[in-house]
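Hi,

Here is the structure I said I would pass on. Have a look at it first, and my notes follow below.

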Amino acid sequence: MADIQTERAFQKQPIFLNAKQVSAKKRAQRWYKDVGLGFKTPKEAIEGHYIDKKCPFTGNVSIRGRILTGTIMSTKMKRTIVIRREYLHYVKKYNRYEKRHRNLAAHMSPCFIGVEQGDIATVGQCRPLSKTVRFNVLKIQKAVSGSKQFKKF
């Protein structure tokens, strides 16, 4: 329990566990859930020891609304990543398309280990978690290693 307490505030899972059951088994059970929509709960979320109240698998956040995909641009913030979403915009005057992009901040649970810049992240919309964060990471796909790979365009 001492290794979980790394923050200034006391860290515990927001779900009440019956004290009689915990003392009988001599081990606290970890609460987790299935977010649905065909996304599997990561193994680290089930077996891990982290506490994150904004995690879609072990916290008090429900996924509803849009499901988006993008490339991870930055992992410099604590438990937050920046995702770049590229799309084509049609210009009627020239009868052509131009590339555009949007950056999107998303909360990334500690259950995703070894995430690097360039990986593909699938995020789901949730309630506002902070000033700019309205999405939660649901799945990470490792980037294909190689010289020049086909992305979207």
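R79 is partly exposed, with 27% relative accessible area; here buried means under 20%, exposed over 50%, and partly exposed in between, using a 1.4 Å probe and protein chains only. Before you go further, note that this is a predicted model: local features need pLDDT of at least 70, side-chain atom pairs count only at pLDDT 80 or more, and totals for chains, interfaces and linings use all residues. Residues are numbered from 1 along each chain as its sequence is written, and side-chain values use heavy atoms, leaving out hydrogens and water.

Back to R79: its side chain meets that of D52 in a salt bridge, 3.4 Å from N to O. (That term needs a side-chain nitrogen of Lys or Arg within 4 Å of a carboxyl oxygen of Asp or Glu.) R79 sits in the loop between β1 (67–77) and β2 (80–91), and D52 in the loop between α2 (43–47) and β1, so the pair ties together parts that are 27 residues apart in sequence. The helix and strand names follow DSSP runs (helices H or I, at least four residues; strands E, at least two), numbered from the N terminus. D52 is buried, at 6% relative accessibility.

By this rule there are four salt bridges. Another one joins K142 and D119, with the closest N and O atoms 3.7 Å apart. K142 lies in the segment after β5 (135–141) and D119 in the loop between β3 (96–107) and β4 (120–125), so this pair links parts 23 residues apart in sequence. K142 is exposed at 51%, whereas D119 is buried at 3%. R100 and E98 also form one, at 2.8 Å from N to O; R100 is partly exposed at 37%, and so is E98 at 32%.

Now the strands. Five of them close into a barrel in the order β1-β2-β3-β5-β4, with mixed pairing (two strands pair if DSSP finds at least two bridges between them). The twist averages 50° from one strand to the next, with axes fitted to C-alpha atoms and angles running from 0 to 180 degrees between N-to-C directions. β2 and β3 run antiparallel and are joined by 12 bridges; V82 stands opposite A105 in β3.

Which residues make the nonpolar surface patch of about 330 Å²? They are L88, Y90 and Y97. Patch residues have over 30% relative accessible area and no salt bridge, and nonpolar side chains (Val, Leu, Ile, Met, Phe, Trp, Tyr) are joined within 5 Å, like charges within 9 Å. Areas come from the Shrake-Rupley method with a 1.4 Å probe, and for residues only the protein chains shown count as cover. L88 is in strand β2 and is partly exposed at 43%.

Cheers
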